[in-house]
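Thanks for coming. I have one model to go through today, so please have the sequence and the structure open while I talk.

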Amino acid sequence: MGRKYLPQTDAGLLAWTEQFNSNISTKYAEVGLSQAQATAYDAANSEWRAKLNASTNPLTRGTSTILAKNLFKKEIVALSREYARIVQSFPGTTDQQRSDLGLTVRKMPAPIPAPEVAPDLDVRGVTGRTVKVRIHNADTLGTRAKPEGVTAAWIYSFVGESYPSDPGEWEFQGATSNGEFDAVFPDSVAGGSQVWICAAWVNAKQQAGPVCTPIPTNLQGGGTSAATAELKIAA
């Protein structure tokens, strides 16, 4: 229970402690409290009521009673937070019980579903054995916007005249969060080979959606990949 959920006014706090006390007086075990704790809270609530009454009654109101009320207010607030934390974390506490006690009913985060649609994929160009592709949402062509709940796209490739239906035969190329990706094929793939590229959206839980229709293209003939060229220069 956060600080803001306890009423700030004295009268509001008394109403809250009365409600809390009433609900734990006989059902303390149902929300994770002991009989001793329920008894202690009942005594604290009674004292808080008495000190508040003394500080507001014209016959007893004065510097000492107001000071006593303010000091005890800190104690009842601290005790209320302590017991509220116990109740909130107790596995047996229901949302209805939390509501009856005046506690915050925490909203459960909505489950993140796996993406339901496939992305669109465009081949932007081929340089040697590097195929530049762009993955985007079909409904937002021209932007980098992704469907709701999507955090990235996974890219797959296959070398051959026709692509396989078995997902296990595809090579995982990598992921992109901005829609741009360079699919690099090893030097073992002959220049001019036909390759296929496809992609799928993925959410924050690493759940992938359907794969788009594979797009074919051909690597440029001969040469070495950029990665190999860099290694030769470094050597």
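Some ground rules before that. This is a predicted model, in which local features need pLDDT of at least 70 and side-chain atom pairs count only at pLDDT 80 or more, while totals for chains, interfaces and linings use all residues. Residues are numbered from 1 along each chain as its sequence is written, and side-chain values use heavy atoms, with hydrogens and water left out.

Now the layout. The protein has five helices and eight strands. Helices here are DSSP runs of H or I with at least four residues, strands are runs of E with at least two, and both are numbered from the N terminus. Read from the N terminus, the order is α-α-α-α-β-β-β-β-β-β-β-β-α. Of the 235 residues in the protein, 38% are buried. Buried means under 20% relative accessible area, exposed means over 50%, and partly exposed is in between, with a 1.4 Å probe and protein chains only. As for contacts, meaning heavy atoms within 4.5 Å, take those between residues at least 6 apart in sequence: 64% of them join residues at least 24 apart.

Next, the helix packing. How do α1 and α2 run relative to each other? Their axes come within 10 Å and cross at roughly 155°, and α1 and α2 are therefore roughly antiparallel. Axes are lines fitted to C-alpha atoms, for helices over the stretch in contact, and angles run from 0 to 180 degrees between N-to-C directions. Under 35 degrees counts as roughly parallel, over 145 as roughly antiparallel, 65 to 115 as roughly perpendicular, and the rest as oblique. The crossing of α1 past α2 is left-handed, a term for a near helix turned anticlockwise from the far one by less than a right angle, with right-handed used if clockwise. On the α1 side the contact includes D10, L13, W16 and F20, and on the α2 side it includes Y41, W48 and L52. Its residues divide into nine nonpolar, three polar and four charged. In that scheme Ala, Val, Leu, Ile, Met, Phe, Trp, Tyr, Cys and Pro are nonpolar, Asp, Glu, Lys and Arg are charged, and the others, Gly among them, are polar.

Helix α1, residues 10–24, also packs on α3, at an angle of about 40° and with the axes 11 Å apart. That makes α1 oblique to α3. Here too the crossing is left-handed. D10, L13, W16, T17 and F20 of α1 make this contact, with residues of α3 that include K69, V77 and Y83. The division is eight nonpolar, two polar and three charged.

On to the aromatics. Rings of Phe, Tyr and Trp, the last by its six-membered ring, pair if their centres lie within 6.5 Å; planes under 30 degrees apart are stacked, over 60 edge-to-face, and the rest tilted. The count by this rule is eight aromatic pairs. One is Y41 with Y83, where the ring centres are 5.8 Å apart and the planes are at 40°, so the pair is tilted. Y41 is in helix α2, residues 35–56, and Y83 is in helix α3, so the pair ties together parts 42 residues apart in sequence. Y41 is buried at 0% relative accessibility, and Y83 is buried at 5%. W16, F20, Y41 and Y83 form one aromatic cluster.

Is T65 buried or exposed? Its relative accessible area is 16%, so T65 is buried. Leaving out residues up to four places away in sequence, T65 touches K51, A54, S55 and T60.

V77 and L13 are 64 residues apart in sequence and 8.4 Å apart in space, C-alpha to C-alpha. Beyond residues up to four places away in sequence, V77 touches L6 and L13.
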